[in-house]
Amino acid sequence: MKWRRIKAIVVKESLQIVRDPRSLMIVLLIPLLQMFMLGYGVNLDVQHIPLCVHDREGSQASQGLLHQFAASPYFSLQAPMGSDAEIRKSLDSGRCNLAIVIPAGFSKGLADNGGGSVQALLDATDSNTANIAANYARSVVAAYSAGVQMEFIRNRGGTVQTLTPVDMQARVWFNEDLVSRNFIVPGIVALVMAIVGAQLTSLTIAREWERGTMELLISTPVQPMELMIGKLLPYFLVGMVDASICLALAVFWFEVPFRGTLTALFLTTGLFLTVVLCIGYYVSVAIRSQVGASQVALLLTMLPTTLLSGFTFPIDQMPPAVQAVTYIVSARYYVTIIKALFLKGSAWTALLAPILCLALYALVMVFFASRAFRKTLD
Amino acid sequence: MSACAAVAIEVDGLEKRFGALTAVAGLSFSVRPGEIFGLVGPDGAGKTTAMRMLASVMRPDAGRIVIDGIDVLASPEQAKSHISYMPQRFGLYEDLTVDENIRFYADLFDVPARVWQARAEKLLAAADMTPFRRRLAGQLSGGMKQKLGLACSLVHTPKVLLLDEPTTGVDPLSRREFWQILYSLRSEGVAMLISTAYLDEAERCDRIAMLNAGTMMYCDTPAALKERMPGAMLEIITPDPRAAHDAVRGLPGVRGVLMVGTGIHVHVDSGERRTQIAAALTAAGIGIESLEEVAPSIEDLFLALLEQDGAGEGG
């Protein structure tokens, strides 16, 4: 192996990257775009649930309850409805996910024996959101009825004393604000890097075949290993720049707390990048056409990273067979590491297992990629 | 220089099949240092496949190739540092400049900086390309691209040069400069294998091999091959070559007719047929500006030999 030949390929490849504005754009713009699209688009928090109300009574008491709903950040109150038919129509058309109907005898029931009731109608096509909405509605109503109860006691001249037999003191660690974005965004960094990394190298060998430069290249003494290193190095650099952009966006734009060390972050990011670059390179060697290689590389990186890395769906909730499959998804290790680095600030020792797995993965991929290329037209 | 080896390229029983098709069948020849050896034949004759096997970018199914004493099949990578190969399709990087391309190949062949810089300067000057050193290869004309290809393949002083149809689509001036460079390489002792579809170009080679359907039909110097051609060649200059071609075809003693520019070449079994042919043309009302016996060109020869063997197909 000669360093001079590796350098020659690095220089050549870098010149080609710089002189091809289209690929430069892919390299720098697409990660930005993906970060913003996914960063804002993927949001598992349920807020501003569209809410319709039908107040059949229109009393002070019923309006009081509706005020509570209006004040809650979880609901966004739509225009009041005049009839049951209207409610039905709004639920059907999706104008609202939740409808609250206050019956005509609401305040009378309250005054008589504290037995007022309201009806909640839920659109449960998305069962998860419906569940969450029902819980939020229940807590709004509970807060309201607690207020009513206190007033009731006070009016009777009693002393207000609330009694809570068991009180759970919940303290939330690592993602104190329970903002789903905080664990989604680090995962998005992994997803963007998997996609862009493999795309970068998926074209590199296929392009030489398509443009007819490969025949001359393989007639020179260049060795497959030199070719691979020379081709991967510039893209590794580009990939690290991309990663830095994504990570900076995560910390400074999306304000995800970062508690780990930069060394650990960049080391593991480098390992993951090596894996995806090698996947792209391998595909490029095998497929020999730019369009085909780019499609296959996309399929091989995006799908497993989205579905099987624990980025959106928790791995420990998957059936055992699927869980077993996740072990061959490299993003699984990186997502674990990067989430822990961002939110937990875990020490090296706590992350040793996934880091070693990722390192081993990178080693295996480098091995396969270096052996894939054959200097022959056959 | 490997003067003692006496043979720079030795090919023995070379064979390559693609499925049912035999592209090269039992090809054998040898090329001496300082010799320009031409491979001539129609498209599909197996010239490119043979070149690729010699450049060791394709593995033969059978046979032996020895280049400068190195068994190419046993140690292809070792052989590659002595070979330069110019594929038929332009193989340089169009988004790199002339200089950057040359430098890339100099680096791949590990040529010392001072050596390749001096060589590049000389080669580019010979190719009349010095003013274009900073131009992107993609913006060069067809002729300049080929000359750049040649310059790139020569930066490392190869002992064997393999050129696959290097002058296809090249203007006459560039073509002349191209050959000038080849002749100067010949005096440096480089063995050259050049495939061409241009038969006039084949005449510039020291020896030529005629390939058809993957087999070698003849191999000799252009002059010796011409002598093999039985009969005589008549050149008739006429205002209407196509009519003349149709009128002469099928006459007794006529073996083949070929249209060439302003007239036709008629291959006849003997020079004495000229009066008979002249009479036939006059009878058909076709004017004759001149009619004389000429030395056959390689093109005439090739067609004549193909006819003789009754192996006219191959495309």
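Me: Into which domains is chain A divided in this predicted model?
Reply: In this predicted model, the assignment for chain A lists two entries, and one of them is written in two segments, 3-43 and 178-372, under the name domain 1. The residues 49-155 carry the other name.

Me: Which helix of chain A has the lowest confidence?
Reply: For chain A as a whole the mean pLDDT is 87, and 96% of its residues reach 70 or more. Confidence is highest in helix α1 (residues 3-19) of chain A, at 95. At the other end, with a mean of 78, stands helix α5 (residues 106-113) of chain A.

Me: Is the packing of α7(A) and α8(A) roughly parallel or roughly antiparallel?
Reply: Helix α7 (residues 180-202) of chain A and helix α8 (residues 204-211) of chain A have axes 5 Å apart and pack at an angle of about 25 degrees. Because angles under 35 degrees count as roughly parallel, the arrangement of α7(A) and α8(A) is roughly parallel.

Me: What classes of residue make up the contact of α7(A) with α8(A)?
Reply: From α7(A) the contact draws on Leu200(A), Thr201(A) and Ser202(A), while α8(A) contributes Thr204(A), Ile205(A) and Ala206(A). Sorted by class, the contact of α7(A) with α8(A) comprises 3 nonpolar, 3 polar and no charged residues.

Me: Where are the C-alpha centres of the domains of chain B, and how many Å apart do they lie?
Reply: Chain B is assigned domain 1 (9-225) and domain 2 (230-295). The C-alpha centres of domain 1 of chain B and domain 2 of chain B lie apart by 38 Å.

Me: Is Asp110(B) buried, exposed or partly exposed?
Reply: Asp110(B) sits in the loop between α3 (98-108) and α4 (113-126) of chain B, and although it is not a glycine, Asp110(B) has a positive phi of about 55 degrees. Since its relative accessibility is 31%, Asp110(B) counts as partly exposed.

Me: What is the relative accessibility of Thr157(B)?
Reply: Thr157(B), which is not a glycine, has a positive phi of about 50 degrees, and its place is in the loop between α5 (142-154) and β7 (160-164) of chain B. Thr157(B) counts as partly exposed because its relative accessibility is 43%.

Definitions and conventions
Residues numbered from 1 in each chain as written. Chains lettered and ligands numbered in written order. Predicted model: local features only at pLDDT ≥ 70, side-chain atom pairs only at ≥ 80, totals over all residues. Heavy atoms only, no water. pLDDT = per-residue confidence, 0-100. Helix = DSSP H or I, 4+ residues; strand = E, 2+ residues; numbered from the N terminus. Domains from an automatic or database assignment. Buried < 20%, exposed > 50% of the residue type's maximum accessible area, 1.4 Å probe, protein only. Axes fitted to C-alpha atoms, helices over the stretch in contact; angles between N-to-C directions. Parallel < 35°, antiparallel > 145°, perpendicular 65-115°, else oblique. Contact = heavy atoms within 4.5 Å. Nonpolar A, V, L, I, M, F, W, Y, C, P; charged D, E, K, R; others polar.
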